[in-house]
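Please look at the sequence and the structure before reading on.

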Amino acid sequence: MAQQTDQSEAHHTDWPPKRRSPLHAFLESGAAAGVLLVFSAALALIIANSALGPVYFKLLEAKIAGLSVLHWINDGLMAVFFLLVGLEIKREFIEGQLATWSRRALPALAALGGMIAPAAIYAALAWSDAQALRGWAIPAATDIAFALGVLAILGPRVPVSLKIFLTALAILDDLGAILIIALFYSGNLSLPMLAGAGACLAILIALNLRGVRLLPLYLAIGVALWFFVLQSGIHATLAGVTLALTIPLGGHGTESDEPEHSPLHTLEHRLHPWSSYLIVPVFGFANAGVSIAGMSPSLLLTPVPLGIVLGLFLGKQIGVFGFAWLAVRLGLGTMPAKATWAQLYGVSLLCGIGFTMSLFIGALAFASNAALNDATKIGVLAGSALSAVIGYVVLHLAGRHPAPANERAPAAISRKRAH
């Protein structure tokens, strides 16, 4: 009966009704995707520290068409992952939870704080080591699949509004990570290859402006764009984001009033299961493996792993919760519906799960330093695990107590009364 009441209230507060998107399916299956990601990372650690360890590392170093297997995963498969991220960012900004400034305010400010505080903590600890300082952005990222997986396990103990808040925050966080990669982790630039990438981008924009909706054409040009970006010195995964922004969400013709049939929605639906259940787990398996033979516990006290652990666990909760609290108190944002401050704090802790994006940025920051790369993996795994466990406990305990009436979102209450 209580469940029916909650569903009824959700129906009345969510007006106008929203179309079902891959995001909702993602929320429903987040636990499965999160468990698979944890399993792939744990399996990589076990294999890397077993008799199969040499085989594992040799396989990742094997060359295929001039690139190592690890390179194909990080620059090839992850370009598809970033394509999906770009599609979600575009859709959310045009027709989703980030479509208006009022909806963007709270998660945007929380995401900003969640990037500034971890980076500042890491930089403070690594300031005297110029090489270690290159990893300042590693704890600034949030793993949306992992974090939403924890929320999915908690079920009705967490209000839907907080899941939407975390999703919007993580999408904006991904956008920040993309900008960081583009600005700080690109190599020497090749002008001819950049010109080729620019030509591909110009064609894609022209197709979009002319209302062309032929998805295979966009993807074919996108492959060429990926090649030119790969050779240009800019990280190849950014080609996926760039391609995503040119995929039509609306268009001309009879389907323009049914955006769920647009090329963007079609591609997003098709890519989503491949990303959640293949690409991200494969990336986790290929990047989480680190041999801990000979490592002492004192390693965690060195600048790189310590900065990552403290950045993810302390920096994220301080930045996300602190900026969200400030935004609500200053009237710049509204508290998520039916959520308590304790639950918002628990979600802030979950933002410290930086697994996929943190490992990815770490691989870019320390591409030529195996020791620091291994230290990064230890720090990311420890910081993410600590954030996940403590965040789960806080949300589990906070879920026993409903939000007081004065902590509910005013906008949601007014919509319910108007209804």
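## Overall composition

Of the 419 residues in the chain, 51% are buried, where buried means under 20% relative accessible area, exposed over 50% and partly exposed in between, using a 1.4 Å probe and protein chains only. The model is predicted, so local features need pLDDT of at least 70 and side-chain atom pairs count only at pLDDT 80 or more, while totals for chains, interfaces and linings use all residues. Residues are numbered from 1 along each chain as its sequence is written, and side-chain values use heavy atoms, with hydrogens and water left out.

The chain contains 18 helices and two strands; these are DSSP runs numbered from the N terminus, with helices (H or I) of at least four residues and strands (E) of at least two. Among contacts with a separation of 6 or more, 83% join residues 24 or more positions apart, a contact being heavy atoms within 4.5 Å.

## Nonpolar cores

The largest nonpolar core has 81 residues. Such a core is a set of buried Ala, Val, Leu, Ile, Met, Phe, Trp, Tyr and Cys residues joined through side-chain atoms within 4.5 Å. The residues with the most contacts inside this core include Phe81, Phe165 and Val304. Helix α9 supplies the largest share of the core, twelve residues. A second, separate core of 25 residues includes Ala197, Leu207, Trp226 and Leu264.

Leaving aside neighbours within four places in sequence, Val304 is in contact with Tyr122, Ala132, Phe366, Leu372, Ala375 and Thr376.

Helix α4 spans residues 53-61, and its buried residues are Gly53, Tyr56 and Leu60. These buried residues line one face of α4, because they fall within an arc of 65 degrees when seen down the helix axis; the arc is that of the directions from the helix axis to the C-beta atoms. On the other side of α4, Pro54, Val55, Lys58, Leu59 and Glu61 are exposed.

## Surface

The accessible surface of the chain is about 18,900 Å², and 69% of this area belongs to carbon and sulfur atoms. Accessible areas come from the Shrake-Rupley method with a 1.4 Å probe; for residues, only the protein chains shown count as cover.

Val35, Ile153, Leu386, Val389, Ile390, Tyr392, Val393 and Leu397 make a nonpolar surface patch of about 650 Å². Patches are made of residues with over 30% relative accessible area and no salt bridge, with like charges joined within 9 Å and nonpolar side chains (Val, Leu, Ile, Met, Phe, Trp, Tyr) within 5 Å. Helix α17, residues 370-398, gives the most to this patch, with six residues. Leu397 lies in α17 and counts as partly exposed, at 42% relative accessibility.

## Salt bridges

The structure holds three salt bridges, each a side-chain nitrogen of Lys or Arg within 4 Å of a carboxyl oxygen of Asp or Glu. Arg91, Glu92 and Glu268 are linked in a network.

Asp173 forms a salt bridge with Lys316, the closest N and O atoms being 2.9 Å apart. This pair links distant parts of the chain, with Asp173 in helix α9 and Lys316 in helix α14 (residues 303-329), 143 residues apart. Asp173 is buried at 0% relative accessibility, and Lys316 is buried with a relative accessible area of 1%.
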